[in-house]
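Please look over the structure shown below before reading the briefing that follows. The notes are grouped by topic.

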Amino acid sequence: MTAPALIRVRELVNRFGSQRVHENLDLDLYRGEILGVVGGSGSGKSVLLRSIIGLLRPTSGSIEVFGQDFQHLSSVQRAQIERRFGVLFQRGALFSSLTLQENVALALIEHAGLTRDDAEHLARSKLALAGLPGEAALKYPAEISGGMIKRAALARSLALDPEILFLDEPTAGLDPIGAAAFDRLLLTLRDALGLTVFLVTHDLDTLYTVCDRVAVLARRRVLVADRLEVVEATDDDWIRDYFHGPRGRAASEAAHYKEES
Amino acid sequence: MTEADRPSQPGRIEHQAQGVLCFSGDWTLPHYAMLRRQVERFTDRRSTDRDVVDLSRLGALDTAGAVLLVELIGTEQLAHLQTWAPKLPAERQALLCSVADAVAASSPLESGRALPVRDFLGATGQQVESLWQQQRLLLGFIGQVLVVLARLIWHPSRWRLTALVSQIHRTGLNALPIVALLTFLVGAVVAFLGTTVLRDFGATIYTVNLVAFAFLREFGVLLAAILLAGRTASAFTAQLGAMKANEELDAIRTLGLDPIELLVLPRVLAMIVTLPILTFVGMLSGMLGGAMVCSLALDISAFHFLSILQRDIPLEHLLVGISKAPLFAFLVGVIGCLEGFKVSGSAQSVGEHTTSSVVQSIFMVILLDALAALFFMEMGW
């Protein structure tokens, strides 16, 4: 990877009171790659994501996005950069007072300047692309299942065709068929649109199927961020348990099996 | 990809000879509105779908553009994209195919237009029906709470004193200053009104009786109850509503516990304890406000005020006023909790039910107070 990094995190420190979440954390995200971020519960994956997208001001350290330091930008410039992000939150974070199609259309109306009719038309297609049936478009988030909320949230994060997609556990709560479809969709979009994806996940299958690189978050920093083979071979107790435990082995075998056939 | 240096060329459709549709330019979100108009024009004009489609000059393409292309070309033709556009890069083929699959899988929406008159009648009917349902539900819930209370009263070991005391602290102690201030001000206003009207008759001394009557019988309890309805019923609804939305109430039930016993009873009982106290404080504070106006505007000293009170106002007025407090407290608490149970998941629903709980409880308090006034008057109390 010789291309300049799209996101450069350097010496990031995050503290909440006396609790240290990140200590001198470095991470790069390159254009067009799918980076999987793994780590134990409470290892600060979501905190890292929130710091990068600017929802959380880090205690110290620098975060460069598109070559600009996020913390030293005016709010207008930040908003312009944020428009190039798509974010899928862990629990969807759909607006509960809007229907699904309005949820997706909101950004299209506000930022892309579409008329309501155009925006909702496009929103329905995006919902369909994310795997939702047509009649779901007029439902409210409270009326649909958790898996459907995830899909609708994906459709919303893709609304503006962002350059970087941040996904916080996108396949958690999806059935295996839906999760596999999600993986395929992610690959298709990445190939066709040149998306860059920052993927926080616990799903080993997703990790083996779609990720170009994997960053392991443990002991308050990134232990290793590299291709999966390199990460697997890293000599570390936690990594060994993670990738060579029963679940890790199964997912790895499944991935190899798929490649062979 | 969207950061290309050349200026973005809006996408175009050209109808070339021999029925060849040629697509060129960027099919991206910034040009969406214009592209959609073009696509609609071509969809109308397109007589047969035997046209040859040429995608070789296509510029940038994103999902918005892909959706439009799919709509124009049609999903059947895209199904064998490979055969007629083999030179299209594989990733674009994949994008078009997945969009085509998605569009084919989702059925179009039909939106029925309704008549305004029928809508109005329907909405009216729904309102009336929901009003009726609401009252039925309230009566049922009151019954449930009473049953749980009756069952629990024989088991002192299951009384939840900690929760009760905590609720009394929150609903009662914290509300004391605001109740005192508000009734003090209203007391002063009533005294001013009395002074203005009674001065013409030279009977300003009766201002004392007016303030005492008003606050002992009606205003003390009414103001305190309305304040609790606004302050506490809404808090109950929001608390229980958020718990309901977070499935905490279901969790309580699956643990074999009773949400009414755990959550509703401590709240309702706390209200029943605190409202009489708040009412008493309200009465005193209101009369204090009246006494202040009397001493400043009418030269009736505090000592004189007290002696008139002692001479003219029998204790039963205080009893009439305070006897209504537990009833109001029960209703306000029960309505607040019931509305919380009715919340259905969304943030908007929490808001709607909080509003509804305040409106309902204030309405009920005033309605009951009017009925009680009639009753007490007829009884000659």
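## Sheet, strands and cores

In this predicted model, strand β7 (residues 164-168) of chain A pairs with β6(A) in the parallel sense, over 4 bridges. Both strands belong to an open sheet of 6 strands in chain A, ordered β6-β7-β8-β3-β9-β10, in which the pairing is mixed.

**The sheet as a whole**
- The edge strands are β6 (85-88) and β10 (221-226) of chain A, each of which pairs on one side only.
- Neighbouring strands of this sheet are turned by 15° against each other on average, with direction ignored.
- Strands of a sheet pair through backbone hydrogen bonds, and they may do so in a parallel or an antiparallel manner.

- Strand β9 (residues 213-218) of chain A is mostly covered, with 6 of its 6 residues buried.
- In a regular strand, side chains alternate between the two faces of the sheet.
- In β9(A), A:Arg213, A:Ala215 and A:Leu217 point one way, while A:Val214, A:Val216 and A:Ala218 point the other way, and all are buried.
- Strand β3 (residues 34-39) of chain A pairs with β9(A) in the parallel sense over 5 bridges, and A:Gly36 stands opposite A:Val214 of β9(A).
- β9(A) and β10(A) run antiparallel and are joined by 5 bridges, with A:Arg221 in β10(A) as the bridge partner of A:Ala218.
- The hairpin formed by β9(A) and β10(A) has 2 residues between the strands, and A:Arg219 takes a positive phi near 50° there.

- In soluble globular proteins, nonpolar side chains tend to be buried together.
- The largest nonpolar core has 85 residues, and those with the most contacts inside it are A:Leu167, A:Val214, A:Phe243, B:Phe23, B:Trp27, B:Leu55 and B:Leu96.
- Helix α2 (residues 63-73) of chain B supplies the largest share of this core, 8 residues.
- Leaving aside residues up to four places away in sequence, B:Phe23 touches a set of residues that includes B:Arg12, B:Ile13, B:Leu55, B:Leu69, B:Leu72 and B:Ile73.
- A second, separate core has 42 residues, among them B:Phe141, B:Val145, B:Ala175 and B:Leu228.

**Cysteines**
- The count of disulfides over all chains comes to 0.
- A:Cys211 counts as buried because its relative accessibility is 12%, under the 20% cut-off.
- B:Cys22, at 0% relative accessibility, therefore also counts as buried.

Technical notes: Residues are numbered from 1 along each chain as its sequence is written. Chains are lettered from A and ligands numbered from 1 in the order in which they are written. This is a predicted model: local features need pLDDT of at least 70, side-chain atom pairs count only at pLDDT 80 or more; totals for chains, interfaces and linings use all residues. Side-chain values use heavy atoms; hydrogens and water are left out. Two strands pair if DSSP finds at least two bridges between them. Axes are lines fitted to C-alpha atoms, for helices over the stretch in contact, and angles run from 0 to 180 degrees between N-to-C directions. A nonpolar core is a set of buried Ala, Val, Leu, Ile, Met, Phe, Trp, Tyr and Cys residues joined through side-chain atoms within 4.5 Å. Buried means under 20% relative accessible area, exposed over 50%, partly exposed in between (1.4 Å probe, protein chains only). Contact means heavy atoms within 4.5 Å. A disulfide is a pair of cysteine sulfur atoms within 2.5 Å.
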